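Let's take a friendly walk through a protein model, one feature at a time. Keep the structure open beside you as you read.

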Amino acid sequence: MDVKHELDKQHEDFRYLSDQEIRKLQEKGISHTYKKGQVLYDFDDDRLYMYFLVSGVIRFEKIDDTGTFHYLQFKKAKNLFPYMDLFSNNSYFVSAVAHTDIEVILIPTKLFEEILSNNTQQLIYALTQQTKLLQTQILKVQKGILNNTNYRVTTTLAIIYKELGEKQYPQGHVTVPCPITINDLARSSGTTRETTSTVIKKLVVAKKINYHRKYITFLDTKFFHEILYD
């Protein structure tokens with residue numbers, strides 16, 4: 001993995017940095033690989049690093065005292081994380097787990113925050129990323145209080161469509177590049193595996209999605225877009 005090639009202005013997370021600031025990140029960046037299921041950091045660990053995901057998919061989790069998930073989110077390659085904790089917490093708010101085999105570059109948090117503090121444009125971009133994360137969580141809370149489990153599951157799917165979806169041409173379908181289990185969907189939706197499975201089957205019959213061997217294809221993209229932005 002070429003750290004200098006990956007930590008470059010071609011990515012929005014670094015687009016507004018000066019050449020000198022980019023070089024600082026490149027000099028301090030540490031490349032690392034994780035196998036599927038390995039933990040990058042746990043909730044409440046010291047927030048020592050930002051991570052640039054070069055390849056693969058990462059999963060964010062937070063587990064309550066009963067041992068059930070109440071936070072589950074995904075992020076795909078060519079993204080920096082975690083933005084939510086910047087300038088505020090000394091520890092991580094959620095756990096990060098390799099959902100697939102991944103490659104990452106570790107960037108010292110203090111260095112990145114120092115650079116942002118002196119670069120207004122890049123700081124504004126970081127704040128917009130925090131806003132997007134908050135908007136997604138507000139959407140999940142709004143839908144999560146509904147008793148309609150069908151709507152909760154479809155909202156979870158809509159968020160996955162937004163976070164992981166990759167448009168395929170010329171069909172126009174949107175695919176997810178990694179397996180998502182029924183259990184993942186159930187935990188994120190706050191419902192049972194059986195209920196989630198029933199909703200998935202209904203969506204397949206209605207030709208909203210295709211679900212085969214844990215891989216999701218979104219067929220009716222307008223349907224899921226409207227859930228997000230209605």
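## What covers helix H2

In this predicted model, the buried residues of H2 are covered by parts that include H1, strand S8 (102–108) and helix H3 (109–117). Which residues of H2 (residues 19–28) are buried? They are Glu21, Ile22, Leu25 and Gln26. These residues span an arc of only 140 degrees around the axis, so they sit on the same side of H2.

Now turn to the face of H2 that points away from its buried side: there you will find the exposed residues Glu27 and Lys28.

## A look at lysine 110

Helix H3, one of the elements covering the buried side of H2, contains lysine 110. Is lysine 110 buried or exposed? Its relative accessible area is 60%, and exposed means over 50%, so lysine 110 is exposed.

Along the chain, lysine 110 and phenylalanine 87 are 23 residues apart, and their C-alpha atoms are separated by 9.1 Å.

## Salt bridges

How many salt bridges does the structure hold? There are seven, and three of them are described here.

Lysine 78 pairs with glutamate 6, and their closest N and O atoms are 3.0 Å apart. Lysine 78 belongs to the loop between strand S5 (69–76) and strand S6 (79–81), while glutamate 6 belongs to helix H1 (residues 3–6), so this pair ties together parts that are 72 residues apart in sequence. The two partners fall into separate accessibility classes: lysine 78 is partly exposed at 36% relative accessibility, whereas glutamate 6 is buried at 10%.

Another salt bridge links arginine 59 to glutamate 61, with 2.5 Å between the closest N and O atoms. Both of these residues are buried. Aspartate 220 and lysine 208 form a further salt bridge, with their closest N and O atoms 2.9 Å apart. Aspartate 220 is in the loop between strand S12 (215–218) and helix H8 (221–229), and lysine 208 is in the loop between helix H7 (193–205) and strand S11 (209–212), so the pair ties together parts that are twelve residues apart in sequence. Aspartate 220 counts as partly exposed, at 24% relative accessibility.

Helix H5 (residues 149–164) packs with H8 at an angle of about 100 degrees, and their axes are 9 Å apart. Angles of 65 to 115 degrees count as roughly perpendicular, so that is how H5 lies to H8. On the H5 side, the contact is made by Thr154, Thr155, Leu157, Ala158, Ile159, Tyr161 and Lys162. On the H8 side, Thr221, Phe224, His225, Ile227, Leu228 and Tyr229 take part. Sorted by class, this contact has eight nonpolar, four polar and one charged residues.

## Backbone details in the loops

Next, follow the backbone itself. The peptide bond from phenylalanine 81 to proline 82 is cis, with omega near -5 degrees; proline 82 is in the loop between S6 and strand S7 (95–98). Tyrosine 169 and proline 170 are also joined by a cis peptide bond, with omega about 0 degrees. Look for proline 170 in the loop between strand S9 (166–167) and strand S10 (174–175).

Two lysines have a positive phi although neither is a glycine. For lysine 207, phi is about 60 degrees; this residue is in the loop between H7 and S11 and counts as exposed, at 62% relative accessibility. For lysine 214, phi is near 75 degrees. Lysine 214 sits in the loop between S11 and S12 and, at 45% relative accessibility, is partly exposed.

Terms used
Residues numbered from 1 in each chain as written. Predicted model: local features only at pLDDT ≥ 70, side-chain atom pairs only at ≥ 80, totals over all residues. Heavy atoms only, no water. Salt bridge = Lys/Arg side-chain N within 4 Å of Asp/Glu carboxyl O. Helix = DSSP H or I, 4+ residues; strand = E, 2+ residues; numbered from the N terminus. Buried < 20%, exposed > 50% of the residue type's maximum accessible area, 1.4 Å probe, protein only. Axes fitted to C-alpha atoms, helices over the stretch in contact; angles between N-to-C directions. Parallel < 35°, antiparallel > 145°, perpendicular 65-115°, else oblique. Contact = heavy atoms within 4.5 Å. Nonpolar A, V, L, I, M, F, W, Y, C, P; charged D, E, K, R; others polar. Arc of directions from axis to C-beta.
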